[in-house]
Amino acid sequence: MIKPLLIKGGRIIDPSQQKDEVGSLLVTEGKISWLGKGDAAPPHPDHNVLNAQGLVVCPGFIDLHCHLRQPGNEDKETIATGTRAAARGGFTTICCMPNTNPPLDNQTVVEFVKSKAASEGAVRVLPIGCISKGRKGKELAEMGDLAAAGVVAFSDDGEPALNSYIMRQALDYSRAFDLPITDHCEDTVLTEGGQMNEGIISTKLGLRGLPNAAEDIIVARDLALAQLTGGRLHIAHTTTEGAVDLIRRAKEKGIRVTAEVTPHHLTLTEERVIGYNTNAKVNPPLRTEQDIQALIQGLNDNTIDIIATDHAPHTEADKLCEFALAPFGISGFETALGSLMSLVHDKQLTLVNLIAKLTHEPAKILGNKHGGLGTLAIGTEADVTVFDPALEWVVDTRDFASKGKNTPLAGERLKGKVMATIYQGKLVYKDDSVKLKED
Amino acid sequence: MRTTEQIKPVAPKPAATWQHHHILDVDDFSREEIELVFHTTQAMKEVLSRPIKRVPALRGKTLITLFYEPSTRTRLSFELAAKNLGADAASLSAPASSVAKGESLVDTLSTLQALGADIVVMRHPHSGAPYIAAKHVEASIVNAGDGWHAHPTQALLDLYTIHEHKGNFKGLKAVLIGDITHSRVAHSNIWGLTTMGAEVTLCSPPTLLPAGLGGQQHHLPPVSIEHDIELALDGADVVMALRLQLERQQSGLLPSIREYIQLYQLTEARLASAKPDALVLHPGPVNEGIEIASAVAHGPQSVINEQVTNGVAVRMALLYILAGSQKQ
């Protein structure tokens, strides 16, 4: 039997219980077994100790949007490497997009991903199923079968936006399973050949742009279809001021919509592309400071429910080319917390709210089917993230567990670092400086 | 270059003002650097006026032209420039269709490096390709046109041609007419003209004007926008017509070429709004009767042929300066 683990003397922040206090937490047999305030000691003294003094202890992060690339693109990432990268980033539950090869449009492939995750994964993997067969946008995938196999949402992420008819049917049909339709909102007629945000920088660089309007149009359409059908809509990676406004108004009207934003869209602008930096090439593209301010406001007034990474690993060869030929995507797991903490340090977002957007809020979207996620409540599975909010470190992609080294943050100094990640009671990641002690 | 003695008679030695190992765009050129190009070009024109138009300033240097897009005058003028300076010139053509597959750009450049290239002159359909190249080779990269982005040597020869006629740029009104979005020549000229002190007005259909120009912004020089060609030309000292690609109509950016001609063709009547001594430039190749009337292209104010002639001298000057700034 594994010895219980005492996470001692940290600042315990658990938005699911409105808890923010210094204390200790005991993990026994994979569950949260005891929580104590201040210097309180657990009832049974025989345990290992992780000293969390000066650190934040919170529920393991949940990521509703990532790409694990397996099956089909194992050179970019595998479930083994992707889940280890997630663990290094403090994530204990990750939802992988179905744009693999073959795609997750049937039970068999979903079962493959689940079994790989069970045998090789470091953290919990919850697959997202396709909306349409083969991601072709023509016919609905067998959503009932996919739901039975355990998918947590449906999405054709990575493909052009569905036509309005199929989107309507998807939102309508999925009501039977109470699962959200996650849409990558992009009017591809307006963005054909687009490489980066449309604006003065795209003009300077001579690159074709993706205008904000291309996102706003599909967000508006999807909201109208969600209203029409009563289906659950989840807006993936919101990036524009206009989209935030549309979602805010839709929520006021009671439309069933949730929305996510990525760490990179919250912290980086289009200027990162200057010099033709293919590691800053991402879709939707990095936008402007004005959009960032709208996104932060959206997080603070709960227009935007959650933060998701859109972790999109690519090989170095994929990105070592002409800007127009490079694939879109940023490897995001391992820099997520460090970049997001800049918003806390700059007082644009509270620490508690940031943690809520990474834990309790995504758990609410997932619902209760997967056990109590995103909480430190007694008796739930012990998914715990311990991080140092103030530790400064330099991003060295050689340290990444992800195969994807594609980040515009390489070499940059971030303030805030994950020190330990506990999944189902097991320590799946710890920083080299963290030492466990026997009590 | 072998010795400074061989250089001295030709042109002034590149001064400390020159900061570039590569020529990727003119956006980071200072006025002093552009003036150095002018002075050196003047010396090269003197060389070209000799019975034997050659100096051995680049003897022992290898220049390779790497063109992923077709080109007539740019490639030829670089090759002539290299030969006039005694460099060994070789060329590699890669059809644009092969860009996306097969050998990567970085691998191709490594090969050229291994073959001993000192200077690689590169044209590429994708914006920014020379910047990727510059990060991966020791050779000097000269951008001979990349996508919609930049064409610095064309801008420098345009500037030189204007300089020959007008001397100082300060206060000159330069009007660029036509497809600004897709014109790398326009983009580089916006930088070069404003750096030299001219004021730039862009005149184009709104659908051929790229995003973000004309307002408050920091990433490009300030320009004026005027969609009415007669107002744009009013009082102009320099007028540059840009090539209109015929496929712009098919892609929905223009209702018809006919309407473009009606609204934006540089005609004699319209040119009358400019100053009487206004220069007419065109980067070529010219679609006579579309963006510019034949009478204007061949008229007394046209310096289009001078641009081509100056192209060789300017490129000689640039190669000379670049070679002089390279490690011996």
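Me: Where is A:Pro102 placed?
Reply: A:Pro102 is in the loop between β7 (91-96) and α2 (107-120) of chain A. Keep in mind that this is a predicted model.

Me: What is the peptide bond from A:Asn101 to A:Pro102, cis or trans?
Reply: That bond is cis, with omega near 0°. Most peptide bonds are trans.

Me: And which form does the bond from A:Gln70 to A:Pro71 take, cis or trans?
Reply: The bond from A:Gln70 to A:Pro71 is cis, and its omega is near 5°. A:Pro71 sits in the loop between β6 (61-66) and α1 (79-88) of chain A.

Me: Where does A:Asn302 lie?
Reply: In the loop between α10 (289-300) and β15 (306-307) of chain A.

Me: Is A:Asn302 buried, exposed or partly exposed, and why?
Reply: Partly exposed, because A:Asn302 has 15 C-beta neighbours inside 10 Å. Buried would take 20 or more.

Me: What about A:Asp310, positive or negative phi?
Reply: Positive, near 50°, and A:Asp310 is a residue other than glycine. The loop that holds A:Asp310 runs between β15 and α11 (316-319) of chain A.

Me: Why does A:Asp310 count as buried?
Reply: A:Asp310 counts as buried because it has 27 C-beta neighbours inside 10 Å.

Me: Let's zoom out. How many helices and strands does chain A have?
Reply: Chain A has 14 helices and 19 strands. Its C-alpha trace spans about 65 × 50 × 45 Å along the principal axes.

Me: What does the radius of gyration of chain A agree with?
Reply: With a compact globule of 439 residues, because such a globule would have a radius of gyration near 22 Å and chain A has 21 Å. Of the 439 residues in chain A, 59% count as buried.

Me: What share of its contacts join residues at least 24 apart?
Reply: 75%, taken among contacts in chain A between residues at least 6 apart in sequence.

Me: Switching to the chain pair. How many residues of chain A are in contact with chain B?
Reply: 19 residues of chain A, in contact with 23 residues of chain B. On the chain A side, helix α6 (residues 200-205) gives the largest share, six residues.

Me: How does that side of chain A divide by class?
Reply: The side of chain A that touches chain B has 10 nonpolar, six polar and three charged residues.

Me: Now chain B. Which domains does the assignment give?
Reply: The assignment gives domain 1 (4-151 + 309-325) and domain 2 (154-304) of chain B. Taken over C-alpha atoms, their centres are 26 Å apart.

Me: How many residues are in contact between domain 1 and domain 2 of chain B?
Reply: 21 residues of domain 1 are in contact with 19 of domain 2. On the domain 1 side, α2(B) gives the most, with five residues. By class, that side has nine nonpolar, seven polar and five charged residues.

Me: Last topic. Which residues have the most contacts inside the largest nonpolar core?
Reply: B:Ile177, B:Val239 and B:Leu319, in a core of 230 residues. α13(B) gives the largest share of this core, 12 residues.

Me: What does B:Val239 touch?
Reply: Not counting residues up to four places away in sequence, B:Val239 touches several residues, among them B:Val175, B:Ile177, B:Leu233 and B:Leu266. In soluble globular proteins, nonpolar side chains tend to be buried together.

Terms used
Residues are numbered from 1 along each chain as its sequence is written. Chains are lettered from A and ligands numbered from 1 in the order in which they are written. This is a predicted model: local features need pLDDT of at least 70, side-chain atom pairs count only at pLDDT 80 or more; totals for chains, interfaces and linings use all residues. Two residues are in contact if their C-beta atoms, placed from the backbone, lie within 7 Å. Helices (H or I, at least four residues) and strands (E, at least two) are DSSP runs, numbered from the N terminus. Ala, Val, Leu, Ile, Met, Phe, Trp, Tyr, Cys and Pro count as nonpolar, Asp, Glu, Lys and Arg as charged, and the others, Gly among them, as polar. Domain bounds come from an automatic or database domain assignment. A nonpolar core is a set of buried Ala, Val, Leu, Ile, Met, Phe, Trp, Tyr and Cys residues joined through C-beta atoms within 7 Å. A residue is buried if 20 or more other C-beta atoms lie within 10 Å of its own, exposed if 12 or fewer, and partly exposed in between; C-beta atoms are placed from the backbone. The radius of gyration is taken over C-alpha atoms; the globule rule is 2.2 Å times the number of residues to the power 0.38.
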